[in-house]
Amino acid sequence: MIEKINQLLPVEVERNNHGEWIHPEVGGYWESNFGADIESITGEDWSELKRHFNIVTVKMYLEKSVSSDDFDEIMDGCDLSKWNPIAPHGFFLFSINFTEDGAEAIWAKAKIDFDAIAQSLKEVS
């Protein structure tokens, strides 16, 4: 049987006044499953979120991608709009936000499950 995939796709990014943003579909999923006030989730919940949206992700940390002066300016001003990280090839922005330790951008792209593709092709033929 072919399982429906909730494939997360890129959308236009419109950051808030602090330069933060989360993909709107992820924001809805987050509120429905964890609550609006929850700031972090377990590794198991994170894996389920990625499975639900059929994605793989990579994180980019502000501190490791800008100079120490730029890091201090962004953090002191609470303004991520001054940080414009470049997406890894094939990825789109999942979220960009402040964390307890700094700031991070999370990038996502579709997960390709070659075993599932092969199984689907067998079922269709």
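Analyst: Two strands pair if DSSP finds at least two bridges between them. Strands (E, at least two residues) and helices (H or I, at least four) are DSSP runs, numbered from the N terminus. This is a predicted model, in which local features need pLDDT of at least 70, side-chain atom pairs count only at pLDDT 80 or more, and totals for chains, interfaces and linings use all residues. Residues are numbered from 1 along each chain as its sequence is written, and side-chain values use heavy atoms, with hydrogens and water left out.

User: What makes β2 and β4 a pair?

Analyst: Seven bridges join β2 to β4 (residues 102-110), and the two run antiparallel. Because at least two bridges are required, these strands count as paired. One of the bridges links V58 with W107 in β4.

User: Why do β1 and β2 stand at the edges?

Analyst: The open sheet has the order β1-β3-β4-β2, with antiparallel pairing. β1 (21-22) and β2 (55-61) each have a single partner strand, so one side of each lacks a neighbour in the sheet.

User: What makes a space a pocket, and how much space lies in the largest pocket?

Analyst: On a 1 Å grid over the protein atoms alone, a pocket is an open set of points where a 1.4 Å probe fits, with protein on both sides within 12 Å along at least five of seven lines; lining residues have an atom within 4 Å of a point. The largest pocket holds about 840 Å³, a volume being the space filled by probe spheres set on the points, which are joined across faces, edges and corners. Its lining has 23 residues, with W30, E39, S40, N97 and E104 nearest the centre. β3 gives the most, five residues.
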